[in-house]
Amino acid sequence: MSASLIPPESLARVGEILAGPITVRIDRRESQRYAYAVGDLNPIYFDDGAAKEAGYRALTIPPLFITHALVTPKPASKLRADGLYEDSTSVNLEVARMMFGGEEWDFLEPVCVGDEITGTTRLLDLDQKEGKKGPFVRLVRETTFTNQDEEIVARSRQIGIAR
Amino acid sequence: MSKYPEMTTIQVGDELPVMHKQAGEAELFLYSAASFNPHRIHYDREYAHYEGHQDLVVHGPLQGSWLTQFITDWAGPGARLLSVEWQNRASAFVGEKLTFSGSVVSVDQVNGSVELEIYERKEDGSVLMPAKATVKLGQS
């Protein structure tokens with residue numbers, strides 16, 4: 001058994017809120033900039049008539065845009081050497097680097113332009129495993145997104161692999 | 001007849017039309033801007049090399065959004081994406097030709113939904129991102 005990569009004080013944070021709750025209004029221009037950047041020009045993101053014909057109340061958004069809509073801008077003085085912002089959601093681990101492992105999403109209700117979306121991110125799970133290349137930590141952050149009617153519209157689980 | 005898949009005719013094994021994607025410097029820049037992501041590995045080649053990457057790295061969430069586009073382009077505007085999950089097995093780099101392919105692995109006539117298995121691959125055929133999704137098909 002390898003030495004623990006997870007300090008006890010980090011393990012104690014499982015279940016803790018890492019970010020939020022933060023509430024934003026879904027903005028048409030931001031959503032459409034995102035859709036253009038992806039190259040996803042689905043008319044339900046751009047044309048009110050097409051969105052309504054498809055059964056939406058109003059223009060809808062690229063499904064994963066909801067994460068980026070909640071990003072809070074910070075001054076450039078808060079950037080680290082790697083270009084990322086100082087991160088209050090990071091969990092202290094005895095590892096050299098954190099990699100993006102994947103994501104899991106459930107979409108429960110439609111999200112439309114003008115909706116007020118609240119996102120809350122929790123540390124869902126922190127688990128040390130043995131891989132072919134030695135021990136690693138699997139870190140799962142879950143974000144729950146609710147709308148102005150207090151309906152849960154989506155849940156995402158972001159999986160980080162740290163070694 | 002609808003140009004999109006329908007529950008009455010869909011079958012396990014049906015394939016989604018293949019989608020090709022390629023992100024150059026401009027696409028990476030636009031995605032960093034649109035997602036307010038200042039991570040240096042997406043725009044500073046020297047820094048990307050310093051972190052051990054062979055070139056500028058294509059954002060993981062950009063590939064995630066390509067994945068949802070691959071599904072919704074096939075399913076059509078009347079369909080609803082219910083869930084999607086993927087694993088990032090390796091990094092994609094600027095200019096690489098990437099291909100999405102997928103097929104129907106189960107059909108749930110009661111709920112009107114289908115499960116898909118999808119792969120994003122590099123030009124050499126290696127899998128970057130295996131994925132699964134559940135979609136409720138639209139009414140015709």
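**After helix 3 of chain B**

I started at G76(B), which takes a positive phi of about 90° just after helix 3 of chain B. Helices here are DSSP runs of H or I with at least four residues, strands are runs of E with at least two, and both are numbered from the N terminus. The model is predicted: local features need pLDDT of at least 70, side-chain atom pairs count only at pLDDT 80 or more, and totals for chains, interfaces and linings use all residues. Residues are numbered from 1 along each chain as its sequence is written, chains are lettered from A and ligands numbered from 1 in the order in which they are written, and side-chain values use heavy atoms, with hydrogens and water left out.

**Helix 3 of chain B**

Next I checked the length of the helix. Helix 3 of chain B covers residues 60–75, and its 16 residues should span 22 Å at 1.5 Å a residue. The expected span is 1.5 Å times one less than the number of residues. I found the end C-alpha atoms 23 Å apart, which agrees.

How many of the 16 residues of helix 3 of chain B are buried? The count is 15, so I noted the helix as mostly covered. Buried means under 20% relative accessible area, exposed over 50%, and partly exposed in between, with a 1.4 Å probe and protein chains only.

**Aromatic pairs**

I then listed the rings. The structure holds eight aromatic pairs over all chains. Rings of Phe, Tyr and Trp (its six-membered ring) pair if their centres lie within 6.5 Å; planes under 30 degrees apart count as stacked, over 60 as edge-to-face, and the rest as tilted.

Why is the pair of W66(B) and F100(B) edge-to-face? Their ring centres are 6.5 Å apart and their planes stand at 85°, so the pair gets that label. W66(B) lies in helix 3 of chain B and F100(B) in strand 3 (residues 98–108) of chain B, so this pair ties together parts that are 34 residues apart in sequence. Both W66(B) and F100(B) are buried.

F70(B) also pairs with F100(B): the centres are 5.9 Å apart and the planes at 35°, so this pair is tilted. F70(B) lies in helix 3 of chain B and F100(B) in strand 3 of chain B, so parts 30 residues apart in sequence are tied together. F70(B) is buried, as is F100(B).

I also found a cluster with members from both chains: ring pairs link Y34(A), F65(A) and Y31(B).

**Between the chains**

I looked up the totals for the contact. Chain B gives 35 residues and chain A gives 33. Contact means heavy atoms within 4.5 Å. The two chains bury about 2,800 Å² between them, 56% of it on carbon and sulfur atoms. Buried area is the accessible area (1.4 Å probe) that two parts lose on being put together, summed over both.

Which three residues supply more of the area that chain B buries against chain A than any other three? They are F36(B), R80(B) and W86(B), with 19%.

I followed up two of these names. R80(B) lies over the face of Y56(A), 3.8 Å from the ring centre. A charge sits over a ring if NZ of Lys or CZ of Arg is within 6 Å of the ring centre and within 35 degrees of the ring normal. F36(B) is in the loop between helix 1 (25–34) and helix 2 (45–50) of chain B. Its relative accessible area is 38%, so F36(B) is partly exposed. Leaving aside neighbours within four places in sequence, F36(B) is in contact with V71(A), P73(A), K74(A) and Y85(A).

Is D115(A) buried or exposed? It is buried, at a relative accessible area of 2%. D115(A) sits in the loop between strand 2 (98–107) and strand 3 (116–131) of chain A. The side chain of D115(A) reaches the backbone nitrogen of C112(A) at 2.9 Å. A polar contact of 3.1 Å joins the side chains of D115(A) and Q148(A). Such a contact is a pair of N or O atoms within 3.5 Å; within protein, one must be able to donate a hydrogen and the other to accept it, and residues adjacent in sequence count only if both atoms are side-chain atoms.

E142(A) is in strand 4 (residues 134–146) of chain A. At 17% relative accessibility, E142(A) counts as buried. A polar contact of 3.5 Å joins its side chain to that of R157(A).
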